[in-house]
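Visitor: I'm new to this one. Can you show me the structure and walk me through the ligand site?

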Amino acid sequence: MRVLRVAAAQVGGIQSTERREQVVERLLALLEQAAADHCRLVVFPELTLTTFFPRTFYGDQADVDAWFETAVPGPETAPLFVAARRLGVAFHLGYAELVRQEGRVRRYNTAILTDETGAIVGKYRKIHLPGHARRLPDAPFQHLEKRYFDVGDLGFRVWEALGGTMGMCICNDRRWPETWRVLGLQGAEMVVLGYNTPEENIHYREPPHLRMFSHRLSIQAGAYQNATWVVAAAKSGLEDGHRLIAGSAIVSPTGEIVAEASTEGDELVIHDCDLDFGADLRRTMFDFARHRRPEHYGLITSAASYRPSTFQDG
Ligand code: CDT
C-alpha cells in the first residue's frame, strides 16, 4: 500500500472586492486544518486567488491584467509556500499567470504542484479553454476564457512526486477523454484539478442538476478508464452575484466517489488514497499495452473535428 492522505480544499466564492491577502488567509486556514488532519497534499481550485473574472467583459486590457499574477510565489502568495514548508504539506494551486515569452506577453490559466517542502515540482497551463472570445450581448453573464487566455503550451504531463505519479488538468479539461488518456498513458496514479463551473448554462436552458451530473460523470469516467485517483476541488457558491457548483470530490480508480463536499463553502474533503489501488485494473481491463488499438484511433489526432463549428461568437 502507498497511502497518500489528500484533501480537496473547496473554496467558497471569492468576491471581486476581496484582496489577494484576504484570500490567502482563507487558504492558509484550510492548509493548517489539512495538516492537523495529517493530509500530505491539499488541492485548491482553478483561479483560486480571485473571482472567476471571465464572467465579465472588460474593454480595457489593464482591467483584465489586474486579475493575473506575474510571479508565484509573489508577495501575496509567499505565505502559502512558507506554511507548506513549515507544515510539511504539498499543495496544488490554480491562478491566472501573466508571462513574457519571446518578447510577447502571454496569459495562461495555470496550476502548480508543490512537494512537501513547498518547492514547485510541476506546472500545467490549461489547454481546453471553454466559452467564447467576443462579448455575448444577450447572455446573463460571459465566459470569456477564449478572450483572456492563451492555450496552454506545456502539454499534459505527469510528475514523480509524493510517492506516486501525479498529473494535473484544469476544469474544462476534465470533460475531454483525450485529457485523461494522455495522462493515463503516462501512468498517472492521481490527477488533481480545480474548477469554476457556473451553475447556469448561458447558451441554452439546462436543469441545474445536470451541471453536477456532468461534472461527476466526467471525473468518474476519467478515473475509471485510466485507473487513476482524481482529486477535484471547486470554487463554489455565490460569487459576485453568480452561482458556481460545489461537489468537490475524490474519486477512486474504480470510478467511485469516495468523499464529496457537503457544503458550498470553504471545506476540506479528505481521503486516504492508496496509490496501488489501480494496479489490478491496469494489469487487466485497462492493460493498455495488450488491449489498446491505436491503429484505429487516428481520427482523434488528425483533426479537431470533421464538421464545421455552428457556434455564433458575438
Ligand atoms: N472554468 C471552466 O472551465 N468552466 C467550464 C464551464 C463550461 S460552460 C462555458 C467547465 O467546464 O466547467
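Visitor: How far is an oxygen atom of the ligand from an N or O atom in the side chain of Arg 174?

Guide: The distance is 3.4 Å. A polar contact here is a pair of N or O atoms within 3.5 Å; within protein, one must be able to donate a hydrogen and the other to accept it, and residues adjacent in sequence count only if both atoms are side-chain atoms. This is a predicted model: local features need pLDDT of at least 70, side-chain atom pairs need 80 or more, and totals for chains, interfaces and linings use all residues. Residues are numbered from 1 along each chain as its sequence is written, and side-chain values use heavy atoms, without hydrogens or water.

Visitor: What about Thr 197 and the ligand?

Guide: A polar side-chain atom of Thr 197 is 2.6 Å from a ligand oxygen. Glu 145 has a side-chain N or O atom 3.1 Å from a ligand nitrogen.

Visitor: How many residues surround the ligand?

Guide: There are 14 (near means a heavy atom within 4 Å). Among the closest are Lys 126, Cys 171 and Asn 172.

Visitor: New topic. Where is Cys 171?

Guide: Cys 171 is in the loop between β7 (164–170) and α5 (177–185). Helices (H or I, at least four residues) and strands (E, at least two) are DSSP runs, numbered from the N terminus.

Visitor: Is Cys 171 buried or exposed?

Guide: Cys 171 is buried, at 5% relative accessible area. Buried means under 20%, exposed over 50%, partly exposed in between, using a 1.4 Å probe and protein chains only.
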